Structures are given as C-alpha cells and as structure tokens.
Amino acid sequence: MAEVRRHRNGPVTYALRLAVVAYLVLLIGWPLALVGTHAFENGTEAIRGIFEDPDMVAALRLTAVAAVVATAINTVFGVAVSLLLVRNEFPGKRVLSALIDLPLSVSPIVVGLALVLVYGGRDGWFGPTLESAGIEVIFSTPGIVMATAFVALPLVIREVVPVLKEVGTEQEQAARSLGASGWQTFWRITLPSIKWAVVYGVVLTLARSLGEFGAVKVVSGNVLGETRTATLAVEEKYLNFDQEGAYAIAFLLASVSVLAILIVSVLRAIGARQATR
Amino acid sequence: MSIEVSGVNKKYGDFVALENIDLTLPTGQLTALLGPSGGGKTTLLRIIAGLEEADSGRVVIEGTDATRLPVQKRNVGFVFQHYAAFKHMSVARNVAFGLEIRKTPKAEVRRRVGELLELVHLSQFADRLPSQLSGGQRQRMALARALAVEPSVLLLDEPFGALDAKVRKELRDWLRRLHDEVHVTTVFVTHDQEEAMEVADEIVVVNQGRVEQVGTPDQLYDEPANDFVMGFLGEVTRLGPVRLRPHDIEVAVTPGSAGALEGTVTRLLRVGFEVRLTVQPDASPTAGGNGGGPEPVSVVLSRAHARSLDLELGSRVWLTPAVGAATVPAMVAV
C-alpha cells in the first residue's frame, strides 16, 4: 500500500491518467455522445418517427426477440457447459474449452456464411431437410436467433467457469450428505453460489446480442418489416441518407447497452459487498 | 454393530489408498481414525459416507448394506475440514437445510433448529451469515447441520484441522461432552495422536492403506502392536535391544542392576516441568552399534527427579527399562 501511495501524486501518474482519459474520450465517449446529439438534433422528432414507423417497430421487436431468445439459450447451455468443464474430466476437454472461445475470435460474417452453408434452404447441408419439414431457418427468425446465439456463446461460460472453480464441490457434497438429490443440490446450492456470475453473463450476452450485425446480415435476408433487425435498419437508413433516423435507432441500441453495463457494475458492487460481509 | 467395513479396496491409478480393510465399529462410540497424512484414513471415512466409492468390499451401516447406496440415502452426517458452510444462507437456514429437504413441517424445523443452535451455543448468531462467524463457530454450525437430520452415524473429516491450537483444544473437549450428551456413533479422522487419545473411546491406526491396530487409547499406548503404532503415538527411543518411550527409562547414577546401559549425559534440556536428557552410551558389543558407535538414547524425567539425582552435563548414568514399560524389539540396522 505504501508503495502505491508514494507514487500517487507523481507527474507520471497524472500524464498516464490524462492519456487514458483522452484515449477513452476520443475513441468512445465523444463519438457516442455525438450519436446522442445527432439523434436529438430536431428534438424528439426522430425518435418519435422511429416509433411511428411500423417497419422500424417490427425491426426493434425482432432484435429484442432474437436477443432475448439467444440469451436464454446461451444461459442454459452456458451453465450446463460450465458445469461439464469444471466438474468433469473427459478426453477432449481442452479442445472443447478452446472451441467455446472460437466465436469471439471468428468474424461474425464468417459465422453467418457458415450457418448458411449448413442450414441454407436451397443447397445447405441440412437446410433442405428442414425446409421440407416446414422449418425455415435461413432468411427467418430461427436463423437470426442462431447467429446471435453463436456470436455471444462464450460470454456466460467465461463468467461462470472461474466462479465454479472457486466455490469448489464441498458445499455440494455437504448438501448431498444431508439428503439433497442432484437436482435439489443444483437449485439450492450450486446456482445460488454462481448467481452473480450468471447475472453478469446474461447482461453481457444481452448487450452483445442486441448489437449483433455481421452474422445477422448474412442469415437474415434483410426483408423490410420481417427479417430486418434494428442494426440492419441503422445501416439501411444510413446508406439511404436518412442520417437522423439512423442516429435515432443507433442511440436506442447504444442506450440499452450502456444501461446493461451500468446494471452490471451496480450488481458487481452489490455482489462484492455481499462477498466481503 | 453400527458400521461394518469388510474387504474394502481403493486405488487411485497405481496408488493403493486402501488395501483390504476390515473394520467393525460399535454403536454409540466415539472412534478416531488416526494416521499420517496420505495414509488413507480420509478415503476410508469418505467411503463410509458414500462420497467415494470403493473398488471392492462392503459397507454396512446399522445393519443395512450401504455399499451401493448414494450418499444422500445413507443418513450419515458429514463434517468437513473446511466447514463447507452454505455461504449464501444464514446460520439457521444452514442447520435447517437437511430438514427442509426432508419436507419437515415448518414449526418442527424451527423447533429443531432452535434446539440444535442451543446445543452448539450459536443461538444468538442464528441470523448471521457463515462469513460473519469465526472458524470454531462455523465448525460448530456444521456440526449442528449434520446432527439436524438425526444421522445414524456422524463422520468428521479432520474437523479441527483448520483451527488454531487454542480453539482446537476447546472444541475437542466440547466434542467429547457433546458426544456424551447425544450418543450418536461418531467417527473422526485426525493426524494428531494427542487429539485422538484425548477424545476417542477407540482408536483405529491407519497407515499406508492398512489398519495397523485397533484399541482403546491405553491399549495402543501401552501395548502397541508394532513399531509404527509405537512411534506414531508418542516419542520413542532405543535402549540396547529394545525400543521404548523416553519416560519409561530408569536413570541411576551408580552401577546397580545388571544389564544396565552405561553412558554419559551429552545434552540436558529443561522444558517446563520435565527434563530431557540425551545420553551417549559407551561403545560395547551388546549395544549393537554399526561402526559409528551406539546411537544416543533420549530420556525424559521429571524435574524433581532430575534434581534429586543431581544430573548435569557429563554425568555418568546407568539406564534400565522401567518395570512394566511398553517395549518393542528394535529393528536390526542393516
């Protein structure tokens, strides 16, 4: 501690701080603020315009539905895979763990193309079979959900795995010895002890899902009012010189994400306080 | 008989953790599984609990074959070295856990939890979280939690191992008193021979995956079955052809009894009420030295006795085993 205190007021510290603040402002703060000011250039007119346009409302709704469904899938899958990775030893575990990180490193547009290759209605590997069964994946909502779930896949797992490792298995063993079944142990002991990690994971996944663009663009078909999501609408409006409309939707998307991050930081603070109590 | 273990084997890869264990523990007793770390005692306890599965052999608890029963059906109470407290639940909810799982009526749960918290002296902490308790309090909470389900056997895995010396001692006495009150068949694992001798009715010495000896603390101390048990239960020294406890050696300052080992005091250390001597025996064919002369003998006597003999560094002494001393033949050095 003394070490930290001695350096606190040095000129180097101030310079470093200034650099970090400048960097963040120039790269993130200022541009995002400009999105806000542009959206409200003519008062609330642009925002109202969005909500009065049924196609835009459909786009926002589609984005919300896709994000919520993808988050729900990723949460259940993420908790299950985390348990598998932490509590079990099996051949190929490291490969699986590496595969889970893949969606973060692969470009979303590649993800979209890959999904089309497998589920494409006309010449996909699996698509025609589904199509004949009446299930349309590509150019439809299921495809959008899949693409969204794919790109946001690791977020829950990466939050939950370290916490699971840290809490260990003793509490679960104790619960079992007191007569709890596997299911009861999961609900009463395991889940409450990883609760905060799951919450962070969910919020991050939701924020990421709302903003997904590349993968969705490839698989959605971008049909106005049907498969056009909010992010695609932003691009469309921007390219059609409806800058005000583009900024308005962009502002809505950005504010949801900022809200999500705010919620996470508040939850983290609460979680940390509970942990130290 | 409350717990019967027969023919239990357990291997971890090539490492033999338990080898053909046969053990019978009577109902209502407080038994210690005593042995060095890695000797297999915790594995044995976990196999009895059902937290670990034996490769072969049988475990019978209260007359029921429990070999294939999962841990939640064995009705055992298990207390972990590091408490395994449910961190997100209050002390009262921790204790109530087993009862709630068993769908006990709410009023009944409240009554039982109240009783148990009384028993472990934690009544005023009922609404605290485990993280707000000290280590000793957490372990008492864990004990109450295990007792809540009225287990047929109570198993404790190094229950005081994570506590500091003073709290350990208090909890040890407290566990003994608790057992005299509750009378549940209890097995606890420890590597501390003093703890085992002080608390247990019966001690099972486990080493390298085998049971070395079973007996009361006195039996083990006075009639150790072998060198290992003798060495593990207390200090041992070698006097001529036998090994015995340092306080079981008679010291004389004049040659008297036949067969006494003659030597010189080379070290004299006073610790509290006792005096520890190191005696270098004179080289003689009967002492059986291996080239470098006979090995030194440790002797412990009371301070008063040492003073009456007027011992000091360089004194000539004659050593004989005390009458009735527990001895085992010394292993012949090769």
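Trainee: In this predicted model, how many Å separate the centres of domain 1 of chain A and domain 2 of chain A?

Mentor: Taken over C-alpha atoms, the centres of domain 1 of chain A and domain 2 of chain A can be compared directly. Domain 1 covers 1–39 of chain A, and domain 2 covers 46–275. The separation of the two centres is 31 Å.

Trainee: How many residues does each of these two domains of chain A bring to their contact, and which classes are found on the side of domain 1?

Mentor: Five residues from domain 1 of chain A and seven residues from domain 2 of chain A make up the contact. On the side of domain 1 of chain A that touches domain 2 of chain A, no residue is charged and two are polar, while the nonpolar ones number three.

Trainee: Turning to the two chains, how many residues of chain A are in contact with chain B, and which helix of chain A gives the most to that side?

Mentor: The contact between the chains takes 16 residues of chain A and 21 residues of chain B. At least two residues of the side of chain A that touches chain B come from each of helix 10 (170–177) and helix 11 (182–211) of chain A. By class, that side of chain A holds six nonpolar, seven polar and three charged residues. With seven residues, the element of chain A that gives the most to the side touching chain B is helix 10.

Trainee: Which residues touch the most other members of the largest nonpolar core, and which helix gives the most to this core?

Mentor: The largest nonpolar core has 81 residues, and those touching the most other members are A32(B), L33(B), I48(B), V95(B), A142(B), A144(B) and L155(B). With seven residues, the helix that gives the most to this core is helix 4 (residues 135–148) of chain B.

Trainee: What does V95(B) contact, leaving aside its neighbours within four places in sequence?

Mentor: V95(B) touches the most other members of the largest nonpolar core together with residues including A144(B), and A144(B) is also one of its contacts once neighbours within four places in sequence are left aside.

Trainee: In the open sheet of six strands of chain B, what is the strand order, and which are the edge strands?

Mentor: The pairing in this sheet of chain B is mixed, and the order reads 6-7-8-3-9-10. Neighbouring strands of the sheet are turned against each other by 15° on average, direction ignored. Pairing on one side only, the edge strands of chain B are strand 6 (76–79) and strand 10 (210–215).

Trainee: Which residue stands opposite V79(B) in strand 7 of chain B, and at about what angle does helix 4 run to strand 6 of chain B?

Mentor: Strand 6 and strand 7 (residues 153–157) of chain B run parallel and are joined by four bridges. In strand 7 of chain B, the residue opposite V79(B) is L156(B). Helix 4 of chain B lies across strand 6 and strand 7, and its angle to strand 6 of chain B is about 170°.

Trainee: In the open sheet of order 11-12-18 of chain B, why is one side of strand 11 and of strand 18 left without a neighbour?

Mentor: This sheet of chain B has three strands with antiparallel pairing, and strand 12 (residues 242–244) pairs with strand 18 over three bridges. Strand 11 (237–239) and strand 18 (327–329) of chain B stand at the edges, so one side of each has no neighbour in the sheet, and what each has is a single partner strand.

Trainee: How many residues lie between strand 14 and strand 15 of chain B in their hairpin?

Mentor: Strand 14 (residues 261–271) and strand 15 (residues 274–281) of chain B run antiparallel and are joined by eight bridges, with V265(B) opposite V279(B). In the turn of the hairpin, G272(B) has a positive phi of about 60°, and the number of residues between the two strands is two.

Trainee: Is L277(B) buried or exposed?

Mentor: L277(B) has its place in strand 15 of chain B, and its contacts beyond four places in sequence are V265(B), R267(B), L268(B), V299(B) and L311(B). Because 25 C-beta neighbours lie inside 10 Å of L277(B), this residue counts as buried.

How values were computed. Residues are numbered from 1 along each chain as its sequence is written. Chains are lettered from A and ligands numbered from 1 in the order in which they are written. This is a predicted model: local features need pLDDT of at least 70, side-chain atom pairs count only at pLDDT 80 or more; totals for chains, interfaces and linings use all residues. Domain bounds come from an automatic or database domain assignment. Ala, Val, Leu, Ile, Met, Phe, Trp, Tyr, Cys and Pro count as nonpolar, Asp, Glu, Lys and Arg as charged, and the others, Gly among them, as polar. A nonpolar core is a set of buried Ala, Val, Leu, Ile, Met, Phe, Trp, Tyr and Cys residues joined through C-beta atoms within 7 Å. A residue is buried if 20 or more other C-beta atoms lie within 10 Å of its own, exposed if 12 or fewer, and partly exposed in between; C-beta atoms are placed from the backbone. Two strands pair if DSSP finds at least two bridges between them. Axes are lines fitted to C-alpha atoms, for helices over the stretch in contact, and angles run from 0 to 180 degrees between N-to-C directions.
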